[in-house]
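Hello,

Here is the structure I promised to hand over.

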Amino acid sequence: MAKFTEDDLKKELETKEYEYGFYTDIESDTFPVGLNEDIVRAISKKKEEPEWMTEWRLESFRYWKEMIEPEWANVHYKKPDFQNISYYSAPNKKPKYDSIDEVDPELLETFNKLGISLDEQKKLAGVAVDIVMDSVSVTTTFKDTLAKKGIIFCSISEAIKEHPELVKKYIGSVVPQKDNFYAALNSAVFSDGSFCYIPKGVRCPMELSTYFRINQAGTGQFERTLVVADEDSYVSYLEGCTAPMRDENQLHAAVVELVALDGAEIKYSTVQNWFPGSKDGKGGVFNFVTKRGLCEKNAKISWTQVETGSAVTWKYPSCILKGDNSIGEFYSIAVTNNFQQADTGTKMIHLGKNTKSTIISKGISAGKSQNSYRGLVQINSRADNARNFSQCDSLLMGNECGAHTFPYIEAKNKTAQVEHEATTSKIGEDQIFYCNQRGIDTEKAIALIVNGFSKEVLNKLPMEFAVEAQKLLEISLEGSVG
Amino acid sequence: MSNLKDKLVSSYIAFEDHLEPDSPIHDLRNEAMKVFEEQGFPSKKEEAWKYTSLKSLEKTDYSIFPKQQEKHTELKDVRKYFLHDIDTYKIVFIDGVYSSFLSETTHDSIDVCLLSSALNKPKYQPVIETYFNKIAKKDSLTSLNTAFAKEGAYIHIPKNKEVEKPIEIINFSTGNEAAVMLQPRNLIVVGENAHVQIIERHQSLSENAVFTNSVTEIFAEKRAYADYYKVQTDNPSASLIDSTYVSQARESNCRVHTFSFGGKLTRNNLHFYQNGERCNSTLNGITIIEDKQHVDHNTLVHHTAPNCESHQDYKGIFADKSTGVFNGKVLVDKIAQKIDAFQQNNNILVDDRATINSKPQLEIFADDVKCSHGCTIGQLDEEALFYMRSRGIAKKEARALLMYAFANSVLESVKIPELKQRINKLIAKKIGVSLGFQL
């Protein structure tokens, strides 16, 4: 067998096209481009929202107008023209479906191409999928099962109408409207998203999941997710993204808020596979996301993310460890290839006593991509016995990519124990030689090593998701690993 | 906006009148002043100054040209600040003015003398043109120094020369006036295969405030060896911004040790540029501070050539309300393959109100490298303390022992035994115990 060299791998990777790039032709109800107070009002009206929500959106919009786009991240891109984006797009056939048969067959076909057939998922995985296709929830499954336990799992616009007291109480409580430029924008124009409430003492019996897709050309996707876990409850929430191929840069500015009340636990897993742009760096999604969780006493929030897509990623899932004995975790794999740029990491803000946080971040850069880890660990003066462990490893493939680490560590308490470790390396020739010697060819050896490199994080994903994540890693890096 | 800035800008006009207009340095000064005028003092909004504020310095009314009254500083008063147990070359400045009777300079095969003479004598012109202000970063504070640079140490070690004794550069400020600002500028050129050890110190002799904005450029030619020690034990009214730039040619070895024990506000900008293959750089530091002291280490190692090594090790012990900052960066260019870069920052917070902000960064563009960094914040090991106390070692001594052990890896790499002993004593004094043995 001919030797599979690094160059071969590289070639194969370069020619590897985005497999999920297709465009479903569904008539959409799209707003004219541009953003002003009227558009914000119109979105709110379209969603049949109550007055307080419209006001909240307008308030956010006013903050946003005063803010300037942040430039501190280690990414370079042509800034989107915010007046050249349509802020609302919804699949046209509006009625809600009771069963899957009523769903537009074309849409179902899209999901089948993605390999996430609803039927299959329903049967095999026991996952209730709240599918967001261009901003409007099309179908929600397993709702009945959840309803019996008192769990609310629906689209955010539905929640605004049906559970206004919960939404009103928690929305913006973790990510305030004026938190940052993109969060303010999202607060003003968010189109839809998911809402989840787990009552006291309830352990959610299944993994909750949502798929986001960007479908309509030139529409931004502004998702808003709010997960509230009441005292002593548990929920595992999955979020997965795949987007079709486009030449224009598309903007995705989501906000995710998690609230874990006393003793609650939230596990939030993401697989992000937005279109990364073609191999010469054309197109791709801009992913500017604000994700943050608040932990009350004895609560735990665990973020797990697999980032393989987007042309530009700007994302820092964070934990505010407010209550005593609360725990924050962050496990991440970020893979960049071709011209992708990722600036991602986490923030762990220790406020309560005996708080613990763990950060495991694995970055893999190939092609001409740039991959940065940016993290903050802050121990405040009242956070006695706070403990943090951070590990950031980067793997470089090829000499045209870059891997960067920017950790910020701030400690104001003498009992704090903080450890940070970072390494940057390439796959060792001796490791490959070792495998070769034992009859494993180079490609397989590299796959093996990368798998081992990211195992720590992959292990944290729920079973069903781990399979998909591994598939994504393969798509992103197959052949390039060298 | 800033009082000190305005004062500096207007002082420059007066200062410029006394300069020879046709010297090439003159244009350099004008340009540098323009940079400072545009940028002013860095604010906390700048990423590199996020944790250090210069506001208090800007508000103080420093005298920019200290009065040069010939008040005698006796050798016996300052002798304790010298490394007196061994013979050394000395370049001593009092309020920024060279003191010939305290110094011991030489022109015998090596040049250990003054920057002012190097700038003015035609003999040195080629050296100045090749090296002066060549690697100093053109940021506002360094530019400010360039604009006013008049005096400092000039050390030129020619090819294949091993300097037999260490060189001391000492800046005294007498405090004749309420508050003074000093801007020493040092230029050090270590020729091919040459070998030198240098110790630098800033010391004020009174309680009056002094603000030193010092810039040092070090050039290490092929296979040169330069060992540089900075001892910062100034009194609590003194502030120091020290910018040191090191340029290394192939196979050279440069080591800079920074011992920060004193001063109100200390900022060390230490930038290494490796320009040839197989360079070796060492950046070590020990910081032990208390009260409201503030020490900020900002390091950069820029690897631009393959097969090089760099090693950074900074230890910090912070008591009372003191603040420590470590901001280290390792930058590896695309062509700089086979780099071995290591960066470590360990900190101990002794009191609850002490703060440490650490930001160790890696920016890597080459794939075949071994780069790592580690950062820890922690306390003394309770079990180790208990072990010692159960064997009759008092708590205070036990703690001191552990702190010694903590800082020891840096102390061990000091190559001048007398200096090592001196620093040992300083640490003992700082921790407040005297141990009956030497480590």
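His257(B) sits in strand S12 of chain B, where helices (H or I, at least four residues) and strands (E, at least two) are DSSP runs numbered from the N terminus. This is a predicted model, in which local features need pLDDT of at least 70, side-chain atom pairs count only at pLDDT 80 or more, and totals for chains, interfaces and linings use all residues. Residues are numbered from 1 along each chain as its sequence is written, while chains are lettered from A and ligands numbered from 1 in the order in which they are written.

Is His257(B) buried or exposed? His257(B) counts as buried because it has 23 C-beta neighbours inside 10 Å. The cut-offs are these: a residue is buried if 20 or more other C-beta atoms lie within 10 Å of its own, exposed if 12 or fewer, and partly exposed in between, with C-beta atoms placed from the backbone. Leaving aside residues up to four places away in sequence, His257(B) touches Tyr229(B), Lys230(B), Asn284(B), Gly285(B) and Val414(B). Contact here requires that the C-beta atoms of two residues, placed from the backbone, lie within 7 Å. Ile431(B) is 174 residues away from His257(B) along the chain, and their C-alpha atoms are separated by 20 Å.

Seven of the eight residues of S12(B) are buried, so the strand is largely enclosed by the rest of the structure. S12(B) pairs with S10(B) in the parallel sense over eight bridges, and pairing takes at least two bridges found by DSSP between two strands. S12(B) also pairs in the parallel sense with strand S14 (residues 280-289) of chain B, over eight bridges.

Now for the domains. Chain B is assigned domain 1 (3-275) and domain 2 (391-439); such bounds come from an automatic or database domain assignment. The C-alpha centres of these two domains of chain B lie 30 Å apart. How many residues of domain 1 of chain B are in contact with domain 2 of chain B? Twelve residues of domain 1 meet nine residues of domain 2. On the domain 1 side, strands S8 (195-204), S10 (225-232) and S12 (253-260) of chain B each supply at least two residues. By class, that side has seven nonpolar, three polar and two charged residues. Ala, Val, Leu, Ile, Met, Phe, Trp, Tyr, Cys and Pro count as nonpolar, Asp, Glu, Lys and Arg as charged, and the others, Gly among them, as polar.

Next, the contact between the chains. It takes 31 residues from chain B and 30 residues from chain A. Strand S19 (355-364) and strand S20 (370-378) of chain B each supply at least two residues of the chain B side, and S19(B) gives the largest share of that side, ten residues. The chain B side divides into 13 nonpolar, ten polar and eight charged residues. S19(B) pairs in the antiparallel sense with strand S23 (residues 402-411) of chain A over six bridges, and Thr405(A) stands opposite Leu362(B).

Over in chain A, there are twelve helices and 24 strands, and 54% of its 482 residues count as buried. Eight of the nine residues of helix H9 (residues 181-189) of chain A are buried, so H9(A) is largely enclosed by the rest of the structure. Those buried residues pack against helices H2 (37-46) and H3 (51-66) and strands S8 (224-229), S11 (255-260) and S13 (284-295) of chain A.

Gly277(A) lies in the loop between strand S12 (265-273) and S13 of chain A. Gly277(A) is buried, with 25 other C-beta atoms within 10 Å. Among its contacts beyond four places in sequence is Phe339(A). Gly277(A) and Phe339(A) are 62 residues apart in sequence and 7.6 Å apart in space, C-alpha to C-alpha.

A word on confidence: pLDDT is the predictor's confidence in each residue, from 0 to 100. Chain A averages 78, and 75% of its residues score at least 70. Over residues 92-98 of chain A pLDDT stays under 50, and the model has eight contacts beyond four places in sequence for them. Over residues 134-139 of chain A pLDDT also stays under 50, and the model has 30 such contacts there.

Best wishes
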